[in-house]
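Have a look at the structure first, then read on.

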Amino acid sequence: MGSEIDNIKYEEEFIINSRGLKLFTCRWLPKNVEPKALVFLCHGYAMECSISMKDTGIRLANAGFAVYGMDYEGHGKSSGLAGYVPSFDDLVNDVSEHYSNVCERKENVKKMRILVGESMGGAVVLLLHRKKPEYWDGAVLVAPMCKIADDMRPHPIVVNILTKLSYLIPTWKIIPTQDVIDAAFRDPQVRKEIRDNPYCYKGRPRLKTGFHLLRVSLDLEQRLDEVKLPFLVLHGEEDKVTDPAVSKLLFEKAASTDKTFKLYPGMWHALTYGEFPENKNMVFSDIIGWLNERSSLGNSRLEKEQKLANDILIKDESIY
C-alpha cells in the first residue's frame with residue numbers, strides 16, 4: 001500500500017456551510033498526472049470519509065481519478081449532534097454546494113463529474129441527480145438505500161408511533177433495530193475497526209433521523225423511473241440492510257440508456273469496506289473498469305454545453 005500512497009496526495013480541510021456549521025472535507029489526488037475525471041464520495045449513515053472510505057479514495061486515486069469526500073452534518077468529524085439528521089434536504093444541499101464548488105474550479109471545469117454513493121450515500125447521489133438532472137455525468141451506486149430491508153424495519157404500527165414521536169423528541173435514540181454493524185459488515189476485523197472508530201456513530205438511530213431515512217427510501221422507490229444519468233449499481237445478494245431487489249428494479253425502471261447492474265452472490269451490504277479482501281478486489285475491479293470506460297468515451301455533457309454556446313453565438317451574430 002505504501003507505493004500506492006506515494007503516488008497520491010491526501011489533503012483535509014474544514015468548510016463552513018450555509019447554516020454556519022463546520023464540515024469536514026478530504027481529497028485523494030493522483031500525483032504528477034492529470035486526473036481522468038472527478039469522483040465524489042457520498043458515505044453511508046453513521047459512517048465517515050477519512051477512515052471508512054480511505055481504501056476507496058486510495059484505490060480510485062491510484063487508478064488516476066481525483067477523489068473528493070466529505071462528512072455530513074452529524075457525521076464523522078463534521079459539526080452537529082452525532083448520528084442526527086435534522087433535515088435530509090439540508091444534508092443534500094450541503095453536499096451539492098461543496099461538490100459543485102469543486103467542479104467549478106478553473107482546473108476542473110472541463111472534467112467529468114462522477115458520484116459514488118454507498119447505502120444512504122446512494123440515496124444522496126440520486127437526490128443530487130434529481131436536484132441537478134443535467135449536472136452529473138454518471139454514478140456508481142453501492143447497495144443504495146432505495147428501500148430499507150424489511151428485516152431492518154420496525155413493525156408498521158411501531159413506525160407510525162415513532163413517526164409521531166419524531167416531532168416531539170427528534171433526537172431520542174429509541175428506534176428498535178438490529179445491530180447494523182453485525183448485519184452490514186461481513187469481515188469480523190472490519191466490525192472491530194468500526195466499533196473502535198470514534199467517528200462512526202454506533203448508537204440506535206435517533207427518531208428524526210430514522211424518520212428521514214424511511215421517508216427518503218420510500219420516495220426514491222416510487223420515482224426510480226426519473227433516474228436518467230449513466231450508472232453502475234452494485235449489490236450483495238445476501239444484503240440484510242438495503243434491498244437488492246430494489247437495485248434490480250432501479251436498473252429495470254430507470255430512464256438511463258447507459259445502466260449496469262451487478263449482483264454478487266454470497267456478499268453482504270458493505271461491499272467496498274466490510275467484505276473479505278478477495279471480494280473487495282472484485283468489486284473495485286468492476287467499479288474502476290466502469291469508471292475507465294466512461295471516462296475514455298469523452299465528456300458528452302461538455303460537448304453539449306459547447307454546442308449550445310456555439311449555437312447561441314451563431315444566433316447572436318446572425319442578428320447583426
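Let's start with Tyr 135: its relative accessibility is 13%, so it counts as buried, the cut-off being under 20%. Keep in mind that this is a predicted model.

**Tyr 135 and its neighbours**
- Tyr 135 pairs with Trp 136 in an edge-to-face arrangement, with 4.9 Å between the ring centres and 75° between the planes.
- Trp 136 has a relative accessibility of 4%, so Trp 136 counts as buried too.
- Arg 113 lies over the face of the Tyr 135 ring, 4.0 Å from the ring centre.

- In total, the structure holds 10 aromatic pairs.
- One of them is Phe 40 with Tyr 99: the ring centres are 4.7 Å apart and the planes are at 40°, so this pair is tilted.
- Phe 40 belongs to strand 3 (residues 38-42) and Tyr 99 to helix 3 (residues 88-103), so their pairing ties together parts that lie 59 residues apart in sequence.
- Both Phe 40 and Tyr 99 are buried.
- Which residues make up one aromatic cluster? They are Phe 40, Tyr 68, Tyr 99, Tyr 135 and Trp 136.

**Another charge over a ring**
- The charged end of Lys 77 sits over the ring of Tyr 199, at 5.2 Å from the ring centre.

Definitions and conventions:
Residues are numbered from 1 along each chain as its sequence is written. This is a predicted model: local features need pLDDT of at least 70, side-chain atom pairs count only at pLDDT 80 or more; totals for chains, interfaces and linings use all residues. Side-chain values use heavy atoms; hydrogens and water are left out. Rings of Phe, Tyr and Trp (its six-membered ring) pair if their centres lie within 6.5 Å; planes under 30 degrees apart count as stacked, over 60 as edge-to-face and the rest as tilted. Helices (H or I, at least four residues) and strands (E, at least two) are DSSP runs, numbered from the N terminus. Buried means under 20% relative accessible area, exposed over 50%, partly exposed in between (1.4 Å probe, protein chains only). A charge sits over a ring if NZ of Lys or CZ of Arg is within 6 Å of the ring centre and within 35 degrees of the ring normal.
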